[in-house]
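Dear colleague,

I am handing over a structure that may be new to you.

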Amino acid sequence: MPGLELLSTVYWQLKKEVDLANLAQRAMDWDFESPYAHCVAGNCFSLQKDHETSLVFFKRSLQLDPNFTYTHTLSGYEYMANEDFDKATACFRQALRTDERHYNAWYGLGSIYHRQEKFDLAEYHFARAVGLHPTSSVLRCNLGMAQNANGKAYQALETLSEAFRLDPRNPQARFQRATIFSNLHRPKEALAELEIVRDAAPREATVHFAMGKVLKRLGRSHEAMKCFLTAMDLDPKDNQLIKSAMDKLD
């Protein structure tokens, strides 16, 4: 049974609902009193966005094993999904009491503090997570975002460079670098990063909109208009924001 909770998270990340449901059913049939089985079942309902039922299974998992670090952490993410940050924080801290090297919990706390705009605390917790898992591109990307929000733009650029060095397929790191370059009034460097992101994620409206704004600053109004129109086609919900930017074009 140990390890099935990690396999269930792999299915969760890949959005394989059928495989995860099958795994949960087999685990529960095999040993209904196993904390691992209830953890897997909780992940199954989490993928279906049934957070309340997911928490019921996670609580049962913890009744069977109060020191099950991973279940404490997954409970924290479910409470985060419900925007109950106090309970989420309590879960992540309990996970660290059982295993202070559990980087997922450090990451969870960093995410909460970042959403609460407590950027110094977010940076500290993301840095602790990176220290425990230094080869994670995702963790370094989040650390870079916290550093930038904390007024450390140049340090953030270095951290984000390391993030896409670890995983060149991580377009978020380059997109965040583009945002920083734009804020530092370096539009040419911002555009270079955004062009790479666009090639990796051609259907992301946010990327085309950001490119339009950078091209506008470079005086390339015709190309900016094309980017704004592409963004509008890809995401009609943001029509007003995009139209506002288009109206400001000369």
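The findings follow, from the overall build to individual residues.

Please bear in mind throughout that this is a predicted model.

Overall build

The protein contains 15 helices and zero strands. Its C-alpha trace spans about 65 × 35 × 30 Å along the principal axes. Of its 250 residues, 46% count as buried. The accessible surface amounts to about 13,400 Å², and carbon and sulfur atoms account for 50% of that area. When contacts between residues at least 6 apart in sequence are considered, 45% of them join residues at least 24 apart.

In soluble globular proteins, nonpolar side chains tend to be buried together. In this model, the largest nonpolar core has 32 residues, and the members that touch the most other members are Ala173, Phe175, Ile180, Leu194, Phe209, Phe228 and Ile242. Two or more residues each come from α10 (153–166), α11 (171–183), α12 (187–200), α13 (205–217), α14 (221–234) and α15 (239–247). Helix α13 gives the most to this core, with seven residues. Another core lies apart from it and has 21 residues, including Trp106, Tyr113, Ala129 and Leu139.

Leaving aside residues up to four places away in sequence, Phe175 touches Leu194, Val197, Thr206, Val207 and Ala210. Leu194 is also among the residues of the largest core that touch the most other members.

Pro35 is part of helix α3, which covers residues 35–47. Pro35 counts as buried because its relative accessibility is 13%, under the 20% limit. Which residues does Pro35 touch, not counting residues up to four places away in sequence? They are Ser61, Leu64, Asp65 and Phe68. From Pro35 to Phe57, the C-alpha to C-alpha distance is 9.1 Å, with 22 residues of sequence separation.

The C-alpha atoms of Phe68 and Asp99 are separated by 9.3 Å, and the two residues are 31 apart along the chain. Asp99 sits in the loop between α6 (85–98) and α7 (103–115). With 30% relative accessibility, Asp99 counts as partly exposed.

Cysteines

A disulfide is a covalent bond between the sulfur atoms of two cysteines. How many disulfides does the count come to? The count is zero. Cys39 illustrates this: the closest cysteine sulfur to its own is in Cys44, and at 12 Å that is too far for a bond, because a disulfide needs the two sulfur atoms within 2.5 Å. Cys39 counts as buried, at 0% relative accessibility. Cys227 is buried as well, with a relative accessible area of 10%.

Leu7, Val10 and Leu14 make a nonpolar surface patch of about 240 Å². Leu7 has its place in helix α1, residues 4–13. Is Leu7 buried or partly exposed? Leu7 is partly exposed, since its relative accessible area is 32%, which lies between the limits of 20% and 50%.

Yours sincerely

Notes: Residues are numbered from 1 along each chain as its sequence is written. This is a predicted model: local features need pLDDT of at least 70, side-chain atom pairs count only at pLDDT 80 or more; totals for chains, interfaces and linings use all residues. Side-chain values use heavy atoms; hydrogens and water are left out. Helices (H or I, at least four residues) and strands (E, at least two) are DSSP runs, numbered from the N terminus. Buried means under 20% relative accessible area, exposed over 50%, partly exposed in between (1.4 Å probe, protein chains only). Contact means heavy atoms within 4.5 Å. A nonpolar core is a set of buried Ala, Val, Leu, Ile, Met, Phe, Trp, Tyr and Cys residues joined through side-chain atoms within 4.5 Å. Patches are made of residues with over 30% relative accessible area and no salt bridge: like charges are joined within 9 Å, nonpolar side chains (Val, Leu, Ile, Met, Phe, Trp, Tyr) within 5 Å. Accessible areas come from the Shrake-Rupley method with a 1.4 Å probe; for residues, only the protein chains shown count as cover. A salt bridge is a side-chain nitrogen of Lys or Arg within 4 Å of a carboxyl oxygen of Asp or Glu.
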